[in-house]
Amino acid sequence: MDIVFFGLLAVGIVTELVTKGGDAALASLIAGTQNAVQNGVTMAGGMLFWMGLMGVLEQTPLMARLSHSLQKPMRFLFPDAGGAAEAIALNLSCNMLGLGNAATPYGIEAMRIMEAENPEKGVATDSMCVLLALNASCLELFPATLVGLRQSFGSARPAAVVLPVLLSSACSTAVTVLLCRLCIRK
Amino acid sequence: MSVVVPVGVLLLLGYALLKRVRVFSAFTDGAAKAFPLLGRVIPCLAAMLAAITVLRDSGALDALIRLLSPVCGALGVDARLLPLILLRPLSGSAAIAVLSDLFTQYGPDSEIGLTASVLLGASETLLYTLALYFGAVGVRKTRFTVPLALLATLTSVVMGLLFSKLFFG
């Protein structure tokens with residue numbers, strides 16, 4: 001990220017110095033950070049609503065039910081999950097509901113339990129690899145933050161993206177599940 | 001589709017009420033979590049938008065996009081989406097910054113705005129998650145994780161582009 005950031009800035013500043021001069025370059029940089037404040041305030045509205053709603057969702061039994069119903073199909077992908085099964089199921093449930101921030105603590109908890117049960121410390125177990133791969137493909141039932149963001153920027157159809165997001169993440173999750181199954185040793 | 005979401009919101013709240021959830025305080029607790037998120041996103045927005053604005057104002061971004069357009073065109077990808085696709089696995093906040101920039105420029109309901117939304121929604125901040133999860137427990141040998149996770153991200157991008165074309169093209 002450091003290199004990306006420096007690279008973007010360096011190319012931009014040098015080019016603008018040549019094409020428009022130093023004052024313009026500085027003005028562009030400050031205009032960018034001013035836009036950051038404006039965009040931040042704009043996105044706050046939608047974010048507050050959806051994160052509030054997700055707070056309600058977290059308190060309902062729906063989450064527990066979803067993670068419970070995941071436990072059986074999970075055995076297929078996490079044969080050596082052991083004591084981490086519940087944390088893994090909660091992590092995946094949160095991810096599916098677009099609660100990325102709620103998912104992280106469960107994910108780390110699952111990793112900690114798996115490492116504690118790991119016979120070869122420092123070498124990832126099958127279940128660890130599968131957990132990370134599933135986190136990368138992230139089947140998304142309802143991308144709440146994204147819908148809030150679109151609303152904030154005045155979209156007339158904020159939820160129009162839900163179905164394509166669901167379909168494309170379902171495809172990549174299916175591919176990941178298949179490949180994981182092939183990579184697992186047992 | 002336009003009815004589904006508001007009705008879903010109502011159903012969820014009604015269901016929560018039936019299950020004796022303290023709906024009001026659950027909502028405010030959830031909404032309160034938006035602030036730490038915004039606190040992380042806004043500084044990142046500042047960094048990324050400063051870089052993107054100077055790149056665009058200088059003309060370098062346009063030149064780059066024009067340079068890459070033939071390649072992207074052959075693949076059926078809008079070159080203006082490239083910054084988003086490349087940044088997504090690196091940093092979620094940076095990707096949100098780029099998305100908000102696309103929204104302000106083209107509008108969230110333009111084809112590019114819609115496609116960018118799908119791309120953001122359908123993939124994950126892969127490298128950050130990898131570093132965080134493995135770093136937290138000190139695992140060094142990650143075996144098949146990186147290739148698999150990269151492949152998952154690539155599939156998400158390709159499918160996201162395809163479905164966007166299908167739905168919004």
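Trainee: At which residue does α3(A) bend, and by about how many degrees?

Mentor: This is a predicted model, in which local features need pLDDT of at least 70, side-chain atom pairs count only at pLDDT 80 or more, and totals for chains, interfaces and linings use all residues. Residues are numbered from 1 along each chain as its sequence is written, chains are lettered from A and ligands numbered from 1 in the order in which they are written, and side-chain values use heavy atoms, with hydrogens and water left out. A bend at a residue is the angle between axes fitted to the seven residues ending there and the seven starting there. Helices (H or I, at least four residues) and strands (E, at least two) are DSSP runs, numbered from the N terminus. In this model α3(A) bends by about 45 degrees at Gln71(A). A proline, Pro73(A), follows within four residues.

Trainee: Which residues of α3(A) are buried, and what do they pack against?

Mentor: Buried means under 20% relative accessible area, exposed over 50%, and partly exposed in between (1.4 Å probe, protein chains only). An α-helix has 3.6 residues a turn, so residues three or four places apart point the same way. In α3(A) the buried residues are Met63(A), Ser67(A), Leu70(A), Met74(A) and Leu77(A). They pack against α2 (22–59), α4 (85–96), α6 (126–137) and α8 (162–183) of chain A.

Trainee: Which residues does Met54(A) touch, leaving out those up to four places away in sequence?

Mentor: Contact means heavy atoms within 4.5 Å. Met54(A), in helix α2 of chain A, touches Leu97(A), Leu99(A), Phe142(A) and Ala144(A) on that count. Met54(A) is buried, with a relative accessible area of 9%.

Trainee: Where is Ala144(A) placed, and is it buried or exposed?

Mentor: Ala144(A) belongs to helix α7 (residues 144–152) of chain A. It is buried, with a relative accessible area of 2%. Leaving aside neighbours within four places in sequence, Ala144(A) is in contact with Trp50(A) and Met54(A). Ala144(A) and Gly46(A) are 98 residues apart in sequence, yet 9.3 Å apart in space, C-alpha to C-alpha.

Trainee: How many helices and strands does chain B have?

Mentor: Chain B has 9 helices and 0 strands. Of its 169 residues, 53% count as buried. Along its principal axes, the C-alpha trace of chain B spans about 60 × 45 × 30 Å.

Trainee: At what angle do α7 (residues 111–122) and α9 (residues 145–168) of chain B pack?

Mentor: Axes are lines fitted to C-alpha atoms, for helices over the stretch in contact, and angles run from 0 to 180 degrees between N-to-C directions. For this pair the angle is about 145 degrees, with the axes 9 Å apart. The contact includes Leu114(B) and Val118(B) of α7(B), and Val157(B) and Leu161(B) of α9(B).

Trainee: What is the phi of Arg20(B), and where does Arg20(B) lie?

Mentor: Most residues other than glycine have a negative phi. Arg20(B) has a positive phi of about 60 degrees although it is not a glycine. It lies in the loop between α1 (4–18) and α2 (23–32) of chain B, and is exposed, with a relative accessible area of 76%. Arg143(B) also has a positive phi, near 45 degrees. Arg143(B) is found in the loop between α8 (126–137) and α9 of chain B, and is partly exposed, with a relative accessible area of 28%.
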